[in-house]
Amino acid sequence: MSTAPLRAASLGGTADDVEAQFYEALQKGDITQLMACWADEDEIVCVHPGGPRLVGVGQIRAAFETLFSHGTLRVRTEGVRRIEAMASAVHTLVERIELESPGGRQEVCVVSTNVYHKTAQGWRMVAHHASPGTEQEAQAMALDGPQVLH
């Protein structure tokens, strides 16, 4: 039995739905659910904070499998900003990630951009780019209303 219909049915109908599934998969450490969020295209791309550019399903899957081999990822998102068109959506947001360290639990701030395209299978992620952020950036992104860059 093919998994494609199940995959498409499980993701819902919007870029927001796919994003919710992506972050839920990170919380659960579920590689199957996480990869179902991605488009089945050769040129999908992922950049983790401080990491190299990963291109294609194989490289992205391997990176998340390595990440999950150390446990699940406690992450909560905030300050989502959306730019949407008929067949694409770009979301910028703050990821607050809890990490265990020798000194105890700490929270790090990551600024992320997620890009979605509407494919024949529904909305799918085509890019996830995450960079180390600061608390100032997180607070600025969480504010309501227009943001001033300069």
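This report describes a helix, a group of aromatic rings and one proline in a predicted model.

## Helix 4 and its buried face

Helix 4 covers residues 57-68, and its 12 residues reach 16 Å from the first C-alpha to the last, close to the 16 Å expected at 1.5 Å a residue. Its buried residues are Ile60, Phe64 and Phe68, and, seen down the axis of helix 4, they fall within an arc of 70°, so they line one face of the helix. An α-helix has 3.6 residues a turn, so residues three or four places apart point the same way.

## Aromatic pairs

The structure holds 3 aromatic pairs. In one of them, the rings of phenylalanine 22 and phenylalanine 64 have centres 6.1 Å apart and planes at 90°, so this pair is edge-to-face. Because phenylalanine 22 lies in helix 2 and phenylalanine 64 in helix 4, the pair ties together parts that are 42 residues apart in sequence, and both residues are buried.

Phenylalanine 64 also forms a tilted aromatic pair with phenylalanine 68, at 6.3 Å centre to centre and with 45° between the planes. These two residues both lie in helix 4, 4 residues apart, which is about one turn of the helix. Ring pairs link Phe22, Tyr23, Phe64 and Phe68 into a cluster.

## Proline 132

Proline 132 belongs to strand 6 (residues 122-132), and at 60% relative accessibility this residue counts as exposed. Leaving aside residues up to four places away in sequence, proline 132 touches Pro49, Gly50, Cys109 and Glu137.

Methods: Residues are numbered from 1 along each chain as its sequence is written. This is a predicted model: local features need pLDDT of at least 70, side-chain atom pairs count only at pLDDT 80 or more; totals for chains, interfaces and linings use all residues. Side-chain values use heavy atoms; hydrogens and water are left out. The expected span of a helix is 1.5 Å times one less than its number of residues. Buried means under 20% relative accessible area, exposed over 50%, partly exposed in between (1.4 Å probe, protein chains only). The arc is that of the directions from the helix axis to the C-beta atoms. Contact means heavy atoms within 4.5 Å. Rings of Phe, Tyr and Trp (its six-membered ring) pair if their centres lie within 6.5 Å; planes under 30 degrees apart count as stacked, over 60 as edge-to-face and the rest as tilted.
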